[in-house]
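Here is a short tour of a protein model, taken pocket by pocket and then helix by helix. Have the structure open and follow along.

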Amino acid sequence: MEHYRKNLTTLENGQIIKDMSANEEYEWTVCDPESRDGRMTLARPPLNIYNRPAKKNVGVLESINWVKERLQLDADGFPRLVVHSSCKNLIKEFRLYSWSKGKLDKPNKIFDDALDALRYQTITLKRFQMRL
């Protein structure tokens with residue numbers, strides 16, 4: 001399920017996310033590492049959404065490559081990451097994603113909010129799996 005809204009406060013977005021996942025169990029909510037205030041807002045009442053920041057020491061290119069790896073088919077012919085067709089904005093951002101002219105290692109930082117969220121989740125998942 002995708003939640004993609006701009007121009008709302010962290011508290012408003014947090015309440016929508018909490019309502020959407022009311023009866024679901026989940027391990028964590030991953031947040032933008034640059035938004036400490038946002039993470040604190042989510043963690044405090046009335047939301048009480050446990051969260052953790054994505055690790056900052058992982059570069060954009062490295063995390064993009066981790067997403068690519070998860071999208072590739074494994075030995076059984078299945079990807080380790082599947083994007084549901086209801087995630088319209090994420091799919092749109094995949095299609096619009098572009099690289100700076102003349103710089104193959106620098107993505108344009110537009111139309112990338114959902115992709116950033118996917119990168120943050122992938123970073124956290126990869127680091128969690130490395131500890132197992």
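Helix H5 gives the most to the lining of the largest pocket, with nine residues. Please keep in mind as you look around that this is a predicted model.

**The pockets**

The largest pocket holds about 1,900 Å³ of space. Its lining comprises 44 residues, and those nearest the centre are His3, Ile17, Thr29, Val30 and Ala117. Sorted by class, the lining has 21 nonpolar, twelve polar and eleven charged residues.

What surrounds the second largest pocket? Its lining consists of Ile64, Val67, Lys68, Phe94, Tyr97, Trp99, Leu115, Leu118 and Arg119. Helix H3 (60–71) and H5 are the elements that give two or more residues here. The space inside is about 190 Å³. Seven of the lining residues are nonpolar and two are charged, with no polar ones.

**How the helices pack**

Two packed helices are described by the angle between their axes and the distance between the axes.

| Helix pair | Angle between axes | Distance between axes |
|---|---|---|
| H1 and H2 | about 45 degrees | 9 Å |
| H3 and H5 | about 80 degrees | 9 Å |
| H4 and H5 | roughly 100 degrees | within 8 Å |

Let us take H1 and H2 to begin with. Their axes lie at about 45 degrees, which means that H1 is oblique to H2. The crossing of H1 past H2 is right-handed. On the H1 side the contact is made by Thr10, Leu11 and Gly14, and on the H2 side by Gly38, Thr41 and Leu42. Four of these contact residues are polar and two nonpolar, and none is charged.

Next come H3 and H5. With an angle of about 80 degrees between them, H3 is roughly perpendicular to H5. H3 brings Val60, Ser63, Ile64, Trp66, Val67, Glu69 and Arg70 to the contact, while H5 brings Leu118, Arg119, Thr122, Ile123, Leu125, Lys126 and Gln129. By class, that contact has seven nonpolar, three polar and four charged residues. Ile64 and Val67 of H3 and Leu118 and Arg119 of H5 take part in this contact, and these four residues are also among those that line the second largest pocket.

H5 has another packing partner in H4 (residues 88–96), and their axes cross at roughly 100 degrees. That makes H4 roughly perpendicular to H5. Leu90, Glu93 and Phe94 of H4 meet Asp113, Ala114, Leu115 and Leu118 of H5. This contact has five nonpolar and two charged residues, and no polar ones. Phe94, Leu115 and Leu118 belong to the contact, and they too are among the residues lining the second largest pocket.

**Two backbone details**

Most residues other than glycine have a negative phi, and most peptide bonds are trans. Two spots in the backbone are worth a look with that in mind.

Where does a cis peptide bond occur? One joins Pro45 and Pro46, with omega at about 10 degrees. Pro46 sits in the loop between H2 and strand E2 (51–53).

The other spot is Asn7, which has a positive phi of about 65 degrees although it is not a glycine. You will find Asn7 in the segment before H1.

Technical notes: Residues numbered from 1 in each chain as written. Predicted model: local features only at pLDDT ≥ 70, side-chain atom pairs only at ≥ 80, totals over all residues. Heavy atoms only, no water. 1 Å grid on protein atoms, 1.4 Å probe; cavity = no way out; pocket = protein on both sides within 12 Å on 5 of 7 lines; lining within 4 Å. Points joined across faces, edges and corners; volume = space filled by probe spheres on them. Helix = DSSP H or I, 4+ residues; strand = E, 2+ residues; numbered from the N terminus. Nonpolar A, V, L, I, M, F, W, Y, C, P; charged D, E, K, R; others polar. Axes fitted to C-alpha atoms, helices over the stretch in contact; angles between N-to-C directions. Parallel < 35°, antiparallel > 145°, perpendicular 65-115°, else oblique. Left-handed = near helix turned anticlockwise from the far one by under 90°. Contact = heavy atoms within 4.5 Å.
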